[in-house]
Every structure is written in C-alpha cells, then in structure tokens.
There are 2 protein chains.
Amino acid sequence: MPEYKAPLRDTKFIMQELLDCETHYEKLGYEDATPDMVDAILTEASKFTEQVIAPLNQIGDQQGCHWNEGVVTTPDGFKDAYNQYVEGGWPTLSQDIDFGGQGLPHSLNNAVSEMMSTANHSFAMYPGLSHGAIATLEDHGSDLQKKMFMPNLVSGEWTGTMCLTEAHCGTDLGMLRSKAEPNEDGTYNITGSKIFISAGEHDLSDNIIHIVLARLPGAPAGVKGISLFIVPKFNVSEDGQKEDKNQVACGSIEHKMGINANATCVINFDNAKGYLIGEENRGLNCMFTFMNSARLGVAMEGVAAAELAFQGSLAYAKDRLQMRSLSGVKNPEGTADPIIVHPDVRRMLLTQKSIAEGGRALISYLGQLVDITHAEKDETLKVEANNKLALLTPIAKAFLTELGFESASHGVQVYGGHGFIKEWGMEQIMRDTKISCLYEGTTGIQALDLIARKVLGSKGKLLEVFASEVAGFCQHNATDENMKEFIEPIMKNIGQWQQLTQTIGDKAMANPDEMGAASVDYLMFSGYVTLAYFWARMAKTAQQKLAEGTDETKFYEAKIKTARFYFQRMLPRAKGHVACILNGADSLMALDAEDFTF
Amino acid sequence: MPEYKAPLRDTKFIMQELLDCETHYEKLGYEDATPDMVDAILTEASKFTEQVIAPLNQIGDQQGCHWNEGVVTTPDGFKDAYNQYVEGGWPTLSQDIDFGGQGLPHSLNNAVSEMMSTANHSFAMYPGLSHGAIATLEDHGSDLQKKMFMPNLVSGEWTGTMCLTEAHCGTDLGMLRSKAEPNEDGTYNITGSKIFISAGEHDLSDNIIHIVLARLPGAPAGVKGISLFIVPKFNVSEDGQKEDKNQVACGSIEHKMGINANATCVINFDNAKGYLIGEENRGLNCMFTFMNSARLGVAMEGVAAAELAFQGSLAYAKDRLQMRSLSGVKNPEGTADPIIVHPDVRRMLLTQKSIAEGGRALISYLGQLVDITHAEKDETLKVEANNKLALLTPIAKAFLTELGFESASHGVQVYGGHGFIKEWGMEQIMRDTKISCLYEGTTGIQALDLIARKVLGSKGKLLEVFASEVAGFCQHNATDENMKEFIEPIMKNIGQWQQLTQTIGDKAMANPDEMGAASVDYLMFSGYVTLAYFWARMAKTAQQKLAEGTDETKFYEAKIKTARFYFQRMLPRAKGHVACILNGADSLMALDAEDFTF
C-alpha cells in the first residue's frame, strides 16, 4: 500500500498563495481562521490522517464490514480511529457554534476532508454522510429538531445518513414508494425499504440519524409528492437524549467492487417514528441543498484518488529499475534505470499530478464560494457565488471523478503486473474510486444537469458569469509574455465553450435529444477548460513568487512545468470532445432498441 | 451476472461475409474447413460456452483459487468443465494432425477462443496458456521433445505455462536470474523463482509443462544470454508417459483485482529437470514466436470484455425504467421509460458495440493472416501477412484492451449504483479485463513496440504495407456515393498517420525520448484509424447485401448505423491524440525526478 503523506505544501500554496484565504476569511468575518490557526489545523490534520486513518485503508478493504442479524461490524481499528476523530474535535470544525461547532470556514474543513478521503476513502465516508444530515437539519429543521439532533451530530457522537434510493428508483426519485403516515402527536410512521445507504448501520457511534424521503398519504405523484423526514435508529427525547430502539433495521449489506470498509446498507423502516423536515411535499427541494454539497464532497474524492495514485506511482517509478532510457543510460551504477526516466511513465505521473493539484485548486475555489454563500453579507456577491457553484458543481463532480479514476488506472499501469496484485494497494484505489463516478448522480446525470438545467436552463447566464471571470483573468494578463502560452489557449477555448453552447441550444430547440447526445462530451470539454483556468492561475502565482525572490525556486518552477504539461498534453483532449459534440445526436438515435443485437 | 449469448450471427457475418473464409480456407488448402464444418463448430462452441463455461464465471470469481501446501484447487465446477472441454476435443481444433490435432485453421479456433474468453475470462486462460506452450514446442522443439510432450498437450490431458517474469524483472527480461546447469545426460537442472505464472498450478490436468527462461553458466549478460527450457511438473519418459514428481513447487498464489479463478502462481524450481528448447542463449527469440500469438490472444480478451459488457448493459438498458425521454414519453404504460431511450446511455451501448464488433473484425482478419503465415505456399504473400501481423499486433493488443476496459467501465455506469454491486456481475468484467492492459506487455510497452520497433524500426515499411491495403480499399470505393461518409475520413486519417510518423521520426533523430512521449497517443490514434477501416469494410459488405436483396434488412442496416456511430463519435477522438503527439516530449521531460513532489 502506498504510504500516505498529506500534500501540505501544495495545500498551503493553493489556499494561502493562490486563493489568499487570509483576506478571504477576514472579509467574511471568520475571525478565528487566522493564518496561524489555518497552519495549525492543516498540520494536525496531516498527522492525524497519516498516522491514524491511512494505516487502516488496506486492512479495511481486506476485512470489509460484516453483517450479522442486523448488526454491522466495521473492520479492526475503525471504532478506535473514529473515537480519536471525535475526541480530536474534527467533526465540529466548520459547524455552527450554537450546536457545539467551532464555526471555522467550510473551505478549511474541505482541506481536512480531502486528507481524510485520500488517506481512507471508506473511513472518510462515515463523517461525510453526517455532514449531509447536519446541513439538511441546519437549513430546513425546526428549532426543536435542531435541539434534539444537532449537538450529538455535530460532536460526532452520532452519525447521519441520507436515505433516498429504493430498489426501483435511483435517479428517478419521483418513483419512490416509502410511506409516511401522520400520528396524532405530530410525528409520522415511516414504512419502506431503502437501498444503497452508505454508513446506514455500523458500530462507530451510539445513534444513527437517518434523513429519509417518503410520501404522505394522498401526496401528488412524482417528485412533487415527496417529503423529508428525520428517522433516528434510537428514538430521541426532546432534550436530545437517546431512548429506546426505533423500528429501523439493517436488512443486509452489499458486496461491492470497493469501499468495502464502508457499510452500504439495505435499511428497512417498519412504522418507524419520524419527524417531518420542512414543508410537506417539498422534500426534494430540501434534498437539493444537501445534494449539491454532497456532490462537491464526491468531486473531492476524485482529487483524493488522483493524489493517492500519484503518491504510489511516484514512489514506485523512482524505485523500480527496468530497461534503459531511450536517450541513454541514466543510472549507470544500476542494472537498469528507474522507470521514471521513461516518457510514457512520466505522462502517467504528470496526468495524476496535474489532476490532483489542478483539482485541488478547483475544489478549494469552490470551498471559498461555499464560505461566501454562508457568510457574505452583500447579496449580489452571494448570488454570484451561488451561480458559480451551480455551474461548476456538476463539472467538478463528474470531471474530477472521471479523471481521478483515470489517474487510479494509470497507477495500476505504472506498477505493471504488480498493480493488479492486492498487496501493492494500487488496484484498491481504482476499485474504491469507481463509486465516485456513480453515487450522488452518475457522470451522465451530472452532464445532463450541466447542459440542460444549468447552462441552457439559465439561457447561458450561469456560464456567462464564470466565463467573465476567466476572461477578466485573461485580459489582466494579456500583455504578460510569460503567460502567453496559457492565456491564448484559454481565450480560444472560452470562445469555443460559448459557441458550442449556442450550437447545442439551437439544435435542442428542434430535438431535445441533442442535449443528451452532447452532454458528457460537453461536460468533459468544460472540465478540461475549467482546469486550464486554474492551472494558468497557478502558473501566474508561481511566476510572481519567482519574480519576488524565493528559496523555494524548484517548487514554483515545478508548478509552471506542470501547468505546461497540462496545456500541452491534457487540454488538447478537448478537441476530440468538440468533434464528437458537433457530430450530434443522429448516430446515437438511429438504431431501434430491438436492433442493437441479433 | 449478464447471461452470455454467443454472438453467432455477428461472427458468421465477419468470418463468412466480410472476410469470405470459404475462399480463404480453400486457397490455403484447409480442406476440412468447409462452410458446413465452420457452421457446425461455431454452433457447438456457442452451446458449450453458453451452457458449460459461462455459468462458472461468477462463482469462479467468488470462490477464487485456493492454495494449500503447494496444492492449488480451482473453483467448484472448473474441473468438470475442463474435462468436458477435453472430451469435446476443443483443445485439438487447430493443432497439428501429427500430434492428434484436427488441423483446422487458426482463425476458426480464434472464433471459439473468443467465445471462451467472453463466457469466462479466467477459465479460458487455462487452455490459452497451453496454446502458447504448444506453439513454442512446435516451432522450436526437437523431434524427441515433441514426441514426449505434444500429444498430451494437444489433447488437453496436460496443460502448459510460460515462465518468464521474476520479482525484479518483468518487461526487462535481460535482468533475469534463474539458472540452468547442464547435466551429463543432456538435461539441465533449473533453479530459480518465477512469479505471475498464470495457470502455474491447478487441479485441472494430470501434468503441467512449464516453458521456462533461464541462464546457462557463463552466458552473456542481458537478453543475449537467455535460454529456453521445458520443465514438467511431473517428469516424462521418452515415450511421453508421466513419471515421478519433478522439483517444481508452487510457493503461493496471488490475491488479485480480478481473474480470481485463474491461479497466478509463484513457481519455484529447485534443481528441477529441464530440457533445452532451440539453441543456447537464443531463448528470447523462441519466446517471441509465442509472445506475438499470446498478444493476439490478449487483444481478443478486449473484444470479449466489450461484448460481455455490451450484452449485460443492453439487457439492463431495455429493462430498467428510469426518467422520461427528453424528446417525449416513449413508454406511456410504464412508470418511466426504459433507459435505452436516453442518448447518453445509447452512447455507452454503441461504444461497447462498435468496439466488440469492430474488434472482432480486426481479430478475425488477424486470424486469417496467421492462417497465411502457417499454410500459404507463396513466400511473398507470407511475408506480407507477417508484416501486417507485426504492425497490427501491438495495436490490437493495446487498443482493444484499453477500449475493452472502457466498455466494461461503461457497463458499470449503465447500471448506475447497481454496477458497483458484485451480484450484478458488471464490476467483475472491469476487474477481470484490467489484466489484459497489463500482461503480455503493458499498453506502454505495446506502444513503444509499435512506434520504435515496428514503424520507425522498419523505416515506415510496415506501415506502408497496411496503408496500401487501406488506400486500395478507399480507391476501389471512391466513386460509391454511399461510402463517401466513410472513405473520406479514412483517406484523411491515413494521410495523417503517415505524416505523424514522419514528424515523430524526424524529432526522434534529435531526441529519442520523442518516441516514448508520442507512443501511447500514436498507438491510440492508429487504433482508431485501423478500426475505422474495418467498420468501413463492414458497412460496404452490409450495403452490398442490402443491394442484393435480403430478408435480414434490419441486421445489415444496424451494421451501417453502427459504422456511422463509429465514424461520428469514436473516430473523432483521434484528433485529441494528434494534438498531444504534436506537442512533443518537452513538457514530459522538464521535471527532475526529485521535483515531482515537495
């Protein structure tokens, strides 16, 4: 298993130098988020994830979770590590002070979450799901509900889940069948069976608070008849004390390709006591709050996979001796050269590196937008941040998880046959991260969200907002000779992005299937261009640091060289996507369903 | 698990209609390979693989192989199925009549092998490895060696392996350390430890014949000091009878990402009795015979993965109801439309389909070239076939396995969250087929073989031979209006292929790393163009059949529509690869190994 080392220098470069989090936090009134505090938290998080969480990654995969008559046991060491996580106060970092949180910025918590995900994807999902439940309660729960459930969720004593999917409905939540019958005391009896409930049952916490979608009697059909409920595993008194067991049972856990240490559960509700969150039949709206934040969490898993695969690949590529360099012996004392001399091995390493670091920049930027949506007073800035988040969330989710998966796959290739062997840990990264292309909406669903809802649904307005920011950066650097190699391709691609949007929009007027046909290629194109913008910004920051004088010359030069790799070897892939988009829907729709095979 | 159905109609289309195997076999003197015989074999192979082999695919993955003090047990049902395989005479199909074979064409055996691989990748590897051992013995063994080992290998009573890799050397065979000490009786004592030996130990056959690379005392360093040996698990008398146990032991088996039902073994030779094959120190040359044929076998696994993923995805896409079509309700009686209405689901299905069918055409074409190298009398034609095989083998191996893997990944995506669950069988296809991108030379190694050895190494001659064939086809169809949409892009791409080759060759004169830097993009470009040629040919054949009149209109129309999909949505990917190639090696080589991370 590759030993995990938190990318502390890079995280600081992005948060402090690229995105100037000091000014950003000051402006938003995050008084406690001083540079010293940020440093201290990142340093402690590095230690905790490297020393406590990462060592459980491989054993977690090997042992998996076990189900026995409704009781789920997590792998050895998980409970102890979770206790340390709670005792260290990690769950409370960015939570509301009113409920025992530390009130620190979301973007700072993100950096910690990324380390958690990289160190151990399965483990990080347990607190990750709690975050979703907390965010939903915070935004839509009543005061009493908050009083009952928030303190123990915030502290991490209890964990949370999100119960959406049923066997016959995943994407199409309008089809869900779970029922909620009102009781006289204002509570509800919830009945139904939910599947794919991550962290749905386990032995890490005293109670599990399920957030459940269900239908009230006589509710309208489809998505307009869905309501949202809190259903605790153990009932909870009005002052937040755990009481008797509720009618909630874990029917089984899934046997999966990966994330074996996270229990994916069938959860059966049998007249379980529940509490309505928000208004009747408006459950899906409440879920969207959660879903957007969950999608950013999954996007981060793409970065995590790229980072972990990169670390493993780099160590092996420097160590493994095999063949001689095409351009002459590089390691004359050895029986062969280390494989990092081979250009194609470097291509794979630099792909991983450019996705990990570029993706980290994008995720951190999105984290700052989330800060703004929470703490900014100026309504215009808040709306702008929300608009950018709306556009970039599906891009980050799908593009970064697809490229994270590709990076993990390269990780296996760099190891050759050894990559296929469990012991080396590289294949686990691939198996674990594949889920990120699926849950919280597959790549295809993100792509439809982007083109249909976000871009065309806003008549191009959301794209315009982000494109203006990028164009502003380009204009600002238009006369900088050192930036020319980055600015010119971005300008060209931003123009093409807007043109493509127009083309798809025009075609979709006549045939809405054109949106679906273009969707994934359009999303991937958008992803390559978006990351190019962040790589150009990183190159600019690095150039400034070098110009100012620094004793970290090699660090900043590496940034510029990696940016160059991205522009020369990653961004050109966008061309293939453009060509596919322009060829339209006809060839996809021509075959009758019955004629796909004979 | 998707139920496997052999693609009989498509196989016959390709073998009989596209590649006119009747004439081809007649010309080469394969008298027994009459159309009736071909039909009968394909039909029987369909039944056998569907009914006997496919049902063991999932249980094989679940149970895996087990090692206990050197004894390896295969999953339930494997031994019985293997017995049926032997009793049915399947191993003997294309083997030499002199050793009990049926003397049928290799290309016919290929079609059976593809069905085996699709039905059960792990199972198919057991006889697959025997084929390699047989081919090596046939080409390089002495008469006595053939007499001792061939009959039982051909019948399938015994199986074979290829023992190349050691822990410290995979690609770089020059580094291998296993030793061979000559005995007075002309045999050798072989000592060393080999890893990654597929089918190295198991309970399917009475004896296992290892083909082993080792060094003689005083042999030159590097690849010029490697010799090849036969080392049986049980010693064998001169008349081919099994005798006492040889000093060969299975030290352990690997725990892997996939192909769990095939034992990947550490094989320890401890002064084991061995027989030199061919000349001293010329072992690597003997191995190349085998390796080229093994690479074609692996290329076929890419087709198999695409086919199986396609079958599973198609069944689910027609069955699973989720959301409504963007262009209006298609299934008004249902609660939702089947997901095959969604353009992006179709994009994934058609990707799988175009790779499975296009890849099958390429593999079958290569199979016919192999027939020619074995049975053609005209030396010029034989050389031409060898040249085409040399060029197209690395392309088929790497391109088809990468696209087979992509197809398997789409299979998981089509199933959404269910794709990640073992029970549904889609994730197994992904795990199993990843090995095909690794063994017998990774994608990176194939790419170097293509650009450095095959294309530039022949000063472009090998490419010229195939390009002429393609150009000939284009010229022949230049005035056919119906073929214009296919011919024009091929002509353009063939020109670009030659130009790119020239560009890379020129750059490589100054800097050999330019070859490595371009290699994988060049291979992928070559793959997209090569498959475009076969899709154009299939479209042409389908158009001819339609023009002649047929009661299978829909079958032939589907071929043309799939060809169109390939040209409109797959071939354009080549553009991204071209752009990456043209950007050269500099951005890959700029970072010092020590500066990849800080």
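**Exercise 1. Find how many salt bridges link chain A and chain B.**

Start with the rule: a side-chain nitrogen of Lys or Arg lies within 4 Å of a carboxyl oxygen of Asp or Glu. With that rule, the count between the two chains is six. One to look up is A:Lys554 with B:Asp595, whose closest N and O atoms are 3.7 Å apart.

A note before you go on: this is a predicted model, where local features need pLDDT of at least 70 and side-chain atom pairs pLDDT 80 or more, while totals for chains, interfaces and linings use all residues. Residues are numbered from 1 along each chain as its sequence is written, chains are lettered from A in the order written, and side-chain values use heavy atoms, without hydrogens and water.

**Exercise 2. Describe the interface of chain A and chain B by residues and area.**

First, take contact as heavy atoms within 4.5 Å: chain A gives 99 residues and chain B gives 99. Next, turn to buried area (accessible area, 1.4 Å probe, lost on putting two parts together, summed over both). It is about 8500 Å², with 65% from carbon and sulfur atoms. Finally, on the chain A side, A:Phe420, A:Arg569 and A:Phe596 lose the most area, together 10% of what that side buries.

**Exercise 3. Work out how H11(B) is oriented to H16(B).**

Locate the helices (DSSP runs of H or I, at least four residues): H11 spans residues 379-414 and H16 residues 513-548 of chain B. Their axes, lines fitted to C-alpha atoms over the stretch in contact, with angles from 0 to 180 degrees between N-to-C directions, come within 9 Å and cross at roughly 90 degrees. Therefore H11(B) is roughly perpendicular to H16(B) (65 to 115 degrees).

Definitions and conventions: Helices (H or I, at least four residues) and strands (E, at least two) are DSSP runs, numbered from the N terminus. Angles under 35 degrees count as roughly parallel, over 145 as roughly antiparallel, 65 to 115 as roughly perpendicular and the rest as oblique.
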